[in-house]
Amino acid sequence: MLTGKHVVLGVTGGIAAYKACEVVSRLRKLHAEVDVIMTENATKLVAPLTFETLSNRPVCVDTFTRVESWDVKHISLAQKADVFLVAPATANLMAKLAHGIADDMLSTTLLATKAPILLAPAMNTGMWTAQATQENLQTLLARGVKTVGPASGVLACGDTGAGRMSEPVEIVEAVCQLLTAKQDLQGLKVLVTAGPTVERIDPVRYLTNDSSGKMGYAIAQAAAERGAQVTIVSGPVHIAAPQGVTVLPVQSTMDLYHTMLENAPAQDIVIQAAAPADYRVENPADQKIKKQDGENLTLTLVENPDVAKAVGQQKKPGQVLVGFAAETQQVTENAIKKLHKKNLDMIVANDVTAEGAGFGVDTNIVTLITEAGLNPQPKMTKRQVGDKILDEALRIYQEKHAAKQG
Ligand code: PMT
């Protein structure tokens, strides 16, 4: 519930402006007060009356409109905001904000606000990947501006790629997180592994799996927002690193093994959500393997090290180690075996065959398993799962440290 919280929503002239209506409606259902500022271009896509009806407040467009009170409107809204959300945020709006340009009601109010700013970018892929936009994005991130999305998919212009505005439900979740963020991980070092590993067959072919990195990156984002110093050891993924997080990229399970043995000992909490390949090709070819017509190709695979087990063998006193178990059958039994074998404090079991769970999707259905027992969770976004895991990992961390002191 967001009772007493004030969200200012900037709507710019992107085709996704219609989705901002659902954002307002969802925020109002959570009892937030919402003031909408539209750019002139946005009013050509959605009528201000729609936002007025949904927010139950007048919509601001023109800086010089006479209003019902004697407040200087852009200053009063800038001060009243607990969060300033812009959805959709066009390339133009991001450029203006990065460079301090204030030439309409929205950009003027944004420049004046001290509230946390959250952008939901939406634009054509070419515009999103343009050097200018990416440089503006980096400038804004460095100043503490937060972003949600953009997602990848088919865009309104017919192109496919990054640039689609995140769904209203995700945007509202990001707003809630900003409004309710606790700083309970401040002073702690958290390392998260994420994504797949790739095992080379030859210079142009490899073995891998379906891990997108979404689960690991969601945990890392949650930990960073809760004040931890976060490192992600990441296989190849297509997700932007959360703000303020150090990324150590790896390719193969052997890379992951070496990176983890070097970096894990200094961490307070280690969460291993990556899906490392269990086998690698014994002798990857230096040159592209030529097709032999009519002949089968036999690859010999050798076992990779169990990284989590190796990290478990060097566990430091007071350190908390969390693993995942991706299972397709006997989920709990198999997960409990891994909990013990890898010397973990908690294992997060997910049945990767369940709808809305496991690889690639934005949600997961998990059971947190510790020595204390099983703690099954309902279907949640990966971000919410991340918070649950961190709550439990922090509880174990505090318990271990209380025991050490006692
Ligand atoms: O990335 P997403 O698309 O969001 O998907 C999320 C996920 C399904 C990948 C994630 O939720 C998950 O289940 N990750 C663990 C995948 C896995 O490798 O599970 P496992 O049961 O095979 O391994 C158990 C644990 O040992 C894991 O913590 C794994 O990181 C680790 N492991 C596995 C193999 C290996 N050689 N070394 C390891 O350290």
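This is a short tour of the structure above, stop by stop, with what to select at each one.

Before you start clicking, keep in mind that this is a predicted model, where local features need pLDDT of at least 70, side-chain atom pairs count only at pLDDT 80 or more, and totals for chains, interfaces and linings use all residues. Residues are numbered from 1 along each chain as its sequence is written, and side-chain values use heavy atoms, with hydrogens and water left out. Helices (H or I, at least four residues) and strands (E, at least two) are DSSP runs, numbered from the N terminus.

**Stop 1**

Now zoom in on strand 3 (residues 83-89) and strand 4 (residues 117-121), which pair in the parallel sense over 4 bridges. Pick Leu 85 and you'll find its bridge partner in strand 4, Leu 118.

Contact here means heavy atoms within 4.5 Å. Of the 8 residues of helix 6 (residues 105-112), 6 are buried, so the rest of the structure largely encloses it. Buried means under 20% relative accessible area, exposed over 50%, and partly exposed in between (1.4 Å probe, protein chains only). Met 105 and Leu 110 are among the buried ones.

While you're on strand 3, look at Pro 88, which is found in that strand. A cis peptide bond joins Ala 87 to Pro 88, with omega about -5°.

**Stop 2: helix 5**

Select residues 91-99. Buried residues of helix 5 include Leu 93, Met 94 and Lys 96. Their cover includes strand 3, helix 6, strand 4, helix 7 (125-129) and helix 8 (131-142). Step just past the helix to Gly 100, where phi is positive at about 70°.

**Stop 3: a helix pair**

Show helix 1 (residues 17-29) with helix 9 (residues 168-180): their axes come within 9 Å and cross at roughly 45°. The two are therefore oblique to each other (angles under 35 degrees count as roughly parallel, over 145 as roughly antiparallel, 65 to 115 as roughly perpendicular and the rest as oblique). For side chains, the contact includes Val 23 and Leu 27 of helix 1 and Ile 171 and Val 175 of helix 9.

**Stop 4: the mixed sheet**

Here 8 strands form an open sheet, ordered 12-11-8-13-16-17-19-20, and the pairing is mixed. The twist averages 20° from one strand to the next. Strand 8 (residues 189-194) and strand 13 (residues 269-272) pair in the parallel sense over 4 bridges, with Val 190 bridged to Ile 269.

Is Gln 330 buried or exposed? At 51% relative accessibility, Gln 330 counts as exposed, and its phi is near 40°, a positive value in a non-glycine residue. Finish at Asn 343, in the loop between helix 13 and strand 17 (346-351), where phi is positive too, at about 55°.

How values were computed
Axes are lines fitted to C-alpha atoms, for helices over the stretch in contact, and angles run from 0 to 180 degrees between N-to-C directions. Two strands pair if DSSP finds at least two bridges between them.
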